[in-house]
Amino acid sequence: MPEKHVLQEDNDEEGSPHHTDLFGTVPKSCLPIVYHSNYNITFMGMEKLHPFDAGKWGKVIHFLKEEQFINDESIVEAREASEEDLLVVHTKRYLSRLKWSFVVATITEIPPLVFLPNFLVQRKVLKPLRTQTGGTIMAGKLAVERGWAINVGGGFHHCSGDRGGDSVPMPISHSPSRESTELLAECASSGVCMLFLFERVEGIARATIIDLDAHQGNGHERDFLDDQRVFIMDMYNRHIYPRDGYAKRAIKRRVELDWGTEDSEYLQKVELHCEGALNEVQPDIIVYNAGTDILDGDPLGGLSISPHGIVKRDELVFKAARRRGIPILMVTSGGYQKKTARIIADSILNLHQQGLIGPEGEGSSSVVTSMKSCPGSSGSALTAI
Ligand SMILES: [Zn+2]
């Protein structure tokens, strides 16, 4: 499968893609699991005062190390997306604007961030978001090469390069200004990732987004509203934010759930609609938004899925992709309960136990032959190609 995909080299010709550090060669010895400690959001202990775990990404890595599935050398270190990288989807005007706390709280689904002063948002939140976005772009390329990849972060599916529409923020009384609505920018991770692949990887012409976060993914829906290259399946709680009717037009397979939906109904729908979506259109890559805010007790999601249900859900999606030989990129998206990190780690371990992911030779084939050490993990630089 991967042989047909040829990565385009950077050159100075007019119209060629910009130079990026996110598309470098990754050695075969690394698992296509992307992460950086900068993913985690910390601000002088304030993060401990509320129930949202804004450091869940680091904990996932911790658990995976504890189970000896990974170590520092075997995973890929994410790089921060540069302004030029983000300009693939956003205009300079958006990126040069101030980033408001309310906007960042909305796109991360971490409501307490709304109370942060703006200068702290700049310093403490935007760098993590840009690094997670860089990680998604890197993982997209790895998924094409290896058949699968996981960014232990990313998936900010309320971000859009688009300026239109009404944004309804988190369940916090805070009225957005028109400017702040326009600022749903900066970190449109799955959108920007797919545009990178379309632009730079020969043979990648169609993508399917399977969005199983509890919220409607209106960001990427607005990004790809009239784009026939992208098929979007979205399954979400119909009663919660963002209820974006305009963006819904982009959803090719829409599954709306009611309050308190439980495992049996949920998993049945996941299987039915994943299979249905992939039978309808055979994409060159699947971007899987594996939000865990479907977990019972989530203050935002309003669904009642058990930890086992989440593990099973991820397994169903990976099985559907691997059975068809379609590369799959998973991002972790929303869901910030204290127990969330453990569930994400358990799910990744289960995918390995099921033979759906693993080191080279255990599952997928690869076209990468370089044997340099893992980017970043030993101080080596990514080679941009
Ligand atoms: Zn969500």
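Which residue of strand β8 stands opposite N151? In the predicted model, the residue facing N151 is V331 in β8. The pairing to which these residues belong comprises four bridges between β3 and strand β8 (residues 328–331), and the two strands run parallel. Strand β3 also pairs with strand β1 (residues 33–35), again in parallel, through two bridges. In that pairing, I33 stands opposite I150 of β3.

Attention then turned to the backbone. Most residues other than glycine have a negative phi, and most peptide bonds are trans. Q68, in the loop between α1 (56–66) and β2 (76–77), has a positive phi near 60 degrees and is not a glycine. Q68 counts as exposed because it has 7 C-beta neighbours inside 10 Å, and the limit for this class is 12 or fewer.

The other two sites lie in the loop between β5 (230–237) and α9 (245–248), where P242 is found. The peptide bond leading from Y241 to P242 is cis, with omega near 0 degrees. R243 lies in the loop between β5 and α9, and it has a positive phi of about 45 degrees although it is not a glycine. With 16 other C-beta atoms within 10 Å, R243 is partly exposed.

Notes:
Residues numbered from 1 in each chain as written. Predicted model: local features only at pLDDT ≥ 70, side-chain atom pairs only at ≥ 80, totals over all residues. Buried ≥ 20, exposed ≤ 12 C-beta atoms within 10 Å, placed from the backbone. Pairing = 2+ DSSP bridges.
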